[in-house]
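Let's take a friendly walk through a protein model. Please have the sequence and the 3D view open as you read.

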Amino acid sequence: MNRIKDIIEGREVEALLQTTIDNIFVNGPVSISDMETLSYIKYYHAELFERYKQSILLASGLFYKPLNTEAKNLKELILQDYREVISTNLEGNYTPMQADLLTSIGRNNVFSFSAPTSTGKSYVFRRLIESSEHDVVIVVPSRAMNTI
């Protein structure tokens, strides 16, 4: 099976999109293959992608993106509730990873972590600094420091 060729030619695209969303719901947005599938579907079948956009955003944990409709199924309802709990408890819209980071930092005076690019670390730190009543020290190591 050539997934990309099937997408381009319009074969079983909706079923593939639903399977991809289910995989993201279960595993998170970690598979390059899933992201590639979404990209091709969005490019070649924009109308279909738009119909599932809310499900994709919710399954991906992009809770800071605005939602335009009510939940269409149980998974969306669960994820919308999860989004609301994060927003209420942390007084802002965060991804699940950002929420976990904020919760962990809140439990400790000293906290160390590592996260990939595009996780939203700068946004989290900016919000922490803005709301802090005490001094905040953030140490950001660089690969360049490893060569010293």
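This is a predicted model: local features need pLDDT of at least 70, side-chain atom pairs count only at pLDDT 80 or more; totals for chains, interfaces and linings use all residues.

Residues are numbered from 1 along each chain as its sequence is written, and side-chain values use heavy atoms, with hydrogens and water left out.

**The whole chain**

- The chain has seven helices and zero strands; helices (H or I, at least four residues) and strands (E, at least two) are DSSP runs, numbered from the N terminus.
- The radius of gyration of the chain is 19 Å, whereas a compact globule of 148 residues would have one near 15 Å. This radius is taken over C-alpha atoms, and the globule rule is 2.2 Å times the number of residues to the power 0.38.
- Along its principal axes, the C-alpha trace spans about 55 × 45 × 20 Å.
- Buried residues make up 30% of the 148 residues. Buried means under 20% relative accessible area, exposed means over 50%, and partly exposed is in between (1.4 Å probe, protein chains only).

**Helix α2**

- Helix α2 covers residues 13–27, and its 15 residues reach 21 Å from first C-alpha to last, close to the 21 Å expected at 1.5 Å a residue. The expected span is 1.5 Å times one less than the number of residues.
- The buried residues of α2 are V13, L16, L17, T20, I21 and I24. Seen down the axis of α2, these buried residues fall within an arc of 135°, so they line one face of the helix. The arc is that of the directions from the helix axis to the C-beta atoms.
- An α-helix has 3.6 residues a turn, so residues three or four places apart point the same way.
- On the other side of α2, T19 and V26 are exposed.
- The cover over the buried residues of α2 includes α1 (3–9), α3 (32–44) and α4 (46–59).
- Just after α2, G28 takes a positive phi of about 85°.

**Residue L58**

- L58 lies in helix α4 and is buried, with a relative accessible area of 3%.
- Leaving out residues up to four places away in sequence, L58 touches F63, L67, E76, L79 and Q80; contact means heavy atoms within 4.5 Å.
- The C-alpha atoms of L58 and I24 are separated by 9.5 Å, and the two residues are 34 residues apart along the chain.
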